[in-house]
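What follows is a short briefing on a protein model, arranged by topic. Please look over the sequence and the coordinates before reading on.

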Number of protein chains: 2
Amino acid sequence: MANRLSDEEMTTVVAELTGWKLEGKFIVKKYRFREFLKGVAFVNEIAELSEEKNHHPFIAIDYKLVTLRLTSWNAGGLTDLDVALAKNYDVIYEKM
Amino acid sequence: MANRLSDEEMTTVVAELTGWKLEGKFIVKKYRFREFLKGVAFVNEIAELSEEKNHHPFIAIDYKLVTLRLTSWNAGGLTDLDVALAKNYDVIYEKM
């Protein structure tokens with residue numbers, strides 16, 4: 001189990017991520033798509049990765065806008081795993 | 001464009017639906033799944049139907065819980081189309 005990042009570490013880490021914001025114990029990012037079904041395809045890729053890593057973000061699909069919300073419940077906050085996955089999600093998005 | 005249901009009609013209609021609740025201009029239902037990927041498969045079917053009908057619910061995937069939220073923006077509230085789609089979603093869920 002990964003260790004929870006300190007408040008200071010969280011702030012540093014979020015500043016290094018692109019488009020992710022800190023919201024309490026979560027990091028959150030909104031991804032825009034030209035088409036609804038492109039957003040759904042993105043969610044499918046995120047879902048597959050989540051299952052593989054056994055770490056599932058909260059996902060919202062509001063038409064062409066997909067919001068991902070990450071935290072580590074078992075650590076009570078953000079961990080390195082959340083940060084690594086946030087970067088992975090960005091790579092998946094860039095490829096679409 | 002469908003006509004918006006009156007407050008009275010909305011209350012009647014929601015009472016006839018199974019598990020749907022009225023929340024302001026929306027009807028909302030939470031669907032539970034035994035597995036995360038089953039919920040994602042359900043979302044894919046909902047997405048396909050939404051695109052076909054050009055009427056998209058707000059979708060949230062919180063691990064094994066999928067929340068659907070329906071309204072008709074162009075009518076400023078709920079219409080017969082929302083009610084018909086709510087029933088369709090239930091049928092899709094039952095088949096899974």
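A:Asp90 and A:Lys29 are both buried, where buried means under 20% relative accessible area, exposed over 50% and partly exposed in between, computed with a 1.4 Å probe and protein chains only. The side chains of these two residues, A:Asp90 and A:Lys29, meet in a salt bridge at 2.9 Å, N to O, a term that stands for a side-chain nitrogen of Lys or Arg within 4 Å of a carboxyl oxygen of Asp or Glu. This is a predicted model, in which local features need pLDDT of at least 70 and side-chain atom pairs count only at pLDDT 80 or more, whereas totals for chains, interfaces and linings use all residues. Residues are numbered from 1 along each chain as its sequence is written, chains are lettered from A in the order in which they are written, and side-chain values use heavy atoms, with hydrogens and water left out.

**Salt bridges**

- Over all chains, the structure holds four salt bridges.
- One of them joins the side chains of A:Glu23 and A:Arg69 at 3.0 Å, N to O; A:Glu23 lies in strand E1 (residues 21-23) and A:Arg69 in strand E4 of chain A, so the pair ties together parts that are 46 residues apart in sequence.
- A:Glu23 is partly exposed at 40% relative accessibility, and A:Arg69 is also partly exposed, with a relative accessible area of 28%.
- In chain B, the side chains of B:Lys29 and B:Asp90 meet in a salt bridge at 2.9 Å, N to O, which links strand E2 (residues 26-32), where B:Lys29 sits, with helix H3 (residues 80-95), where B:Asp90 sits, 61 residues apart.
- B:Lys29 and B:Asp90 are both buried.

**Fold of chain A**

- Chain A has three helices and four strands, these being DSSP runs numbered from the N terminus, with helices (H or I) of at least four residues and strands (E) of at least two.
- Read from the N terminus on, the elements of chain A follow the order α-β-β-α-β-β-α.
- Of the 96 residues of chain A, 47% count as buried, and the C-alpha atoms fill a box of roughly 40 × 25 × 20 Å along the principal axes.

**Positive phi angles**

- A:Tyr63, although not a glycine, has a positive phi of about 55 degrees; A:Tyr63 lies in the loop between strand E3 (58-62) and strand E4 (65-70) of chain A.
- B:Asn54, likewise not a glycine, has a positive phi of about 50 degrees, and B:Asn54 is exposed, with a relative accessible area of 58%.
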